[in-house]
Amino acid sequence: MEEHPNVELFRRTYRAFTSGDFDALGEVFAEDTVWHNPGRNLISGDFVGREAAFAAFAKEFELSGGTYSPTIHDVVANDEHIIALMHATAEREGKKLDMDYALIFHVKAGRLTEGWDLWTDQAAVDEFWS
């Protein structure tokens, strides 16, 4: 079975994110994208616009001293959505993050227009990023 083109869109996004290539991220995120980071911690909030979303992404790497490391379990997509099953590890101030999560994106005209990350244990994520 052939992969949906939005699976490759996610893989491009992942490669850009994990390499810190914000120019390449700019090619896949809509200028008016909205990023939703749930919880009550230093990286929580709704970030409106590509620059705000990218600043939130950069803060994950900054606060973790560059140790934030996501890996892909699986990706499914259709014309309007991408769902990626992920795992992340990171270290921060003697704390460790080692958890599964899901990324959900809305897609329009080949660009990511809105995204959410949903963690298996939001309370533990809040503790890690607080």
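Which residues is Tyr68 in contact with, leaving aside its neighbours within four places in sequence? The views below are taken from a predicted model.

**View 1. Surroundings of Tyr68.** Beyond its neighbours within four places in sequence, Tyr68 is in contact with Phe17, Glu60, Phe61, Ala88, Thr89, Ala90, Leu97, Tyr101, Trp119 and Trp129. Tyr68 is also one of the residues with the most contacts inside the largest nonpolar core.

**View 2. The largest nonpolar core.** This core has 34 residues, and Phe10, Tyr68 and Leu97 are those with the most contacts inside it. At least two core residues come from each of the helices α1 (5-19), α2 (22-28), α3 (50-63) and α4 (122-129). The strands β1 (29-37), β4, β5 (95-108) and β6 (111-119) likewise each supply at least two.

**View 3. A nonpolar patch on the surface.** Val76, Ile83 and Leu85 form the patch, and together they have about 240 Å² of accessible area. Ile83 lies in strand β4, which covers residues 81-92. The relative accessible area of Ile83 is 36%, so this residue is classed as partly exposed, the class between under 20% for buried and over 50% for exposed.

**View 4. Val48 beside Val34.** Val48 is located in strand β2 (residues 45-48). In sequence, Val48 and Val34 are 14 residues apart, while their C-alpha atoms are 4.5 Å apart in space. Not counting residues up to four places away in sequence, Val48 touches Thr33 and Val34.

Notes: Residues numbered from 1 in each chain as written. Predicted model: local features only at pLDDT ≥ 70, side-chain atom pairs only at ≥ 80, totals over all residues. Heavy atoms only, no water. Patch = residues over 30% accessible without salt bridge, like charges linked within 9 Å, V, L, I, M, F, W, Y side chains within 5 Å. Areas by Shrake-Rupley, 256 points an atom, 1.4 Å probe, with all protein chains shown as cover. Salt bridge = Lys/Arg side-chain N within 4 Å of Asp/Glu carboxyl O. Helix = DSSP H or I, 4+ residues; strand = E, 2+ residues; numbered from the N terminus. Buried < 20%, exposed > 50% of the residue type's maximum accessible area, 1.4 Å probe, protein only. Core = buried A, V, L, I, M, F, W, Y, C linked by side-chain atoms within 4.5 Å. Contact = heavy atoms within 4.5 Å.
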